[in-house]
Amino acid sequence: MELTAGLGSVDDYIRYIEAGADECFCGYIPYAWDRKYGTVLSLNRREVRCCSVQLGAFSELEILAAMVRAYQKPVQLTFNSLYYLPQQYPEIAEIIQKCMEIGFWDYIIADPALILYLRQQKIDCRISLSGEVGEINSAMTGLFEQMEIGRIIFPRKMRPKDMAVVAQVCAKRSPGLENMKYEAFALNELCQFSGAFCNSLHCDEMGYLCRVPYRVGVGKSQRKNSILIDHKEWDDTASSREYTSEARQCGDTWDSPESDFDAPILGESGCGLCALYDLGQAGITHLKIVGRGNHPDRMVEDIRAMKRALEILDAFKDRETYQKRMKQELFLSGCSKNCYYLPANRHL
């Protein structure tokens with residue numbers, strides 16, 4: 001499995017590649033777009049200027065393109081908005097064509113209409129289907145078979161077992177998809193929302209909705225087996241306590257002092273290291289290390305840790321031995337308990 005790392009600044013590309021990343025992904029928002037449409041009509045749902053989250057000048061792309069030619073490690077550009085206005089499609093196509101002219105051929109796209117438009121315009125860029133599309137079953141992925149998709153990025157909340165079923169059904173239904181690549185989230189920024197159904201903004205003007213403190217658990221209800229979000233009353237059962245201890249609690253991660261760069265906990269905002277064996281068995285070819293906007297030194301540590309985890313996985317082919325050795329070596333400061341793929345769910 002190869003590593004793809006989130007790039008927030010052109011200055012970090014060489015460091016990430018030398019740390020072990022096989023490719024990077026980054027956002028690009030031209031100033032002309034930002035001036036014309038502002039924050040609400042987002043190009044990639046990351047309208048952040050106060051820190052290094054994405055590139056904003058074509059000259060930066062030209063510098064990055066030169067680095068890509070030198071290091072031969074590709075960079076994908078993200079267009080992650082769920083939808084665009086009709087008049088924006090020609091503008092986006094023009095942006096992509098300009099980027100292709102200097103060597104950027106790979107794009108992560110979330111809007112199916114944009115993918116269709118690019119293909120109708122005979123723009124032959126390589127497209128990865130964003131996890132923001134919510135492609136959770138083979139019927140959904142089948143809709144994109146005629147659009148020449150090269151990679152499917154599974155959403156954060158999908159189990160490795162379900163990923164395997166999608167890959168198997170797609171290959172059986174369409175022999176041409178046997179070489180399809182599949183990507184899964186593996187480290188950082190676990191979110192309580194499903195991206196395909198989230199219309200919140202990530203911008204400088206307001207706090208991110210995904211950083212609002214919350215807690216998930218089993219609440220008392222008239223109906224049995226109802227799962228509620230309830231800040232007043234909780235079902236104090238063993239199963240409820242176990243679930244909330246494994247669930248991501250934003251108030252105990254991003255909004256705490258432990259979220260600063262000096263924090264030694266690996267994967268504190270989301271970790272899938274224990275699931276690497278299952279992801280490999282599911283047919284995953286790429287592992288995503290989310291990190292646009294993260295401290296670059298921390299990203300370098302994350303890339304090295306993930307690379308080392310894959311080396312341990314190659315050395316010990318069974319799940320139990322891999323997890324034991326990996327935890328002994330990488331979790332010196334303890335486990336974050338913030339699992340992308342909960343141990344209880346991986347074998348369902």
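Which residue in β9 does L3 stand opposite? I looked this up first in the model, which is predicted. L3 faces L287 of β9.

**Strand β1.** I followed β1 to its partners. Strand β9 (residues 286-289) runs parallel to β1 and is joined to it by four bridges. Strand β2 (residues 23-28) is also parallel to β1, with three bridges between them. In that pairing A5 stands opposite C24. Four of the five residues of β1 (residues 2-6) are buried, so the strand is largely enclosed by the rest of the structure.

**Whole chain.** I noted eleven helices and nine strands. Of the 348 residues, 53% are buried. I also looked at contacts between residues at least 6 apart in sequence, and 71% of these join residues at least 24 apart.

**Nonpolar core.** The largest core holds 95 residues, and L64, F79, F104, Y107, L273 and L276 have the most contacts inside it. Helix α10 (residues 296-315) supplies the largest share of this core, nine residues. I listed the contacts of L64 beyond its neighbours within four places in sequence: L7, V10, Y13, C26, L55, V75 and F104.

**D302.** I stayed with helix α10, where D302 is placed. D302 is buried but has no salt bridge. The nearest side chain of opposite charge is R298, 4.1 Å away, and the cut-off for a salt bridge is 4 Å. Leaving aside neighbours within four places in sequence, I found D302 in contact with L187, N188, L266 and I289.

- K98 and E94 form a salt bridge at 3.7 Å, N to O. Both lie in helix α4 (residues 88-101), four residues apart, about one turn of the helix. K98 is partly exposed, with a relative accessible area of 43%, and E94 is partly exposed with a value of 43%.
- R126 and D106 meet at 2.7 Å, N to O. R126 is in strand β6 (residues 126-129) and D106 in strand β5 (residues 106-109), so the pair ties together parts 20 residues apart in sequence. I find R126 partly exposed at 48% relative accessible area, whereas D106 is buried at 15%.
- R151 and E183 have their closest N and O atoms 2.6 Å apart. R151 lies in strand β7 (residues 149-153) and E183 in strand β8 (residues 181-187), so this pair ties together parts 32 residues apart in sequence. Both R151 and E183 are buried. Through shared partners, salt bridges join E23, R151, E183 and K288 into one network.

Conventions
Residues numbered from 1 in each chain as written. Predicted model: local features only at pLDDT ≥ 70, side-chain atom pairs only at ≥ 80, totals over all residues. Heavy atoms only, no water. Buried < 20%, exposed > 50% of the residue type's maximum accessible area, 1.4 Å probe, protein only. Helix = DSSP H or I, 4+ residues; strand = E, 2+ residues; numbered from the N terminus. Pairing = 2+ DSSP bridges. Core = buried A, V, L, I, M, F, W, Y, C linked by side-chain atoms within 4.5 Å. Contact = heavy atoms within 4.5 Å. Lys, Arg positive; Asp, Glu negative; His and termini not counted.
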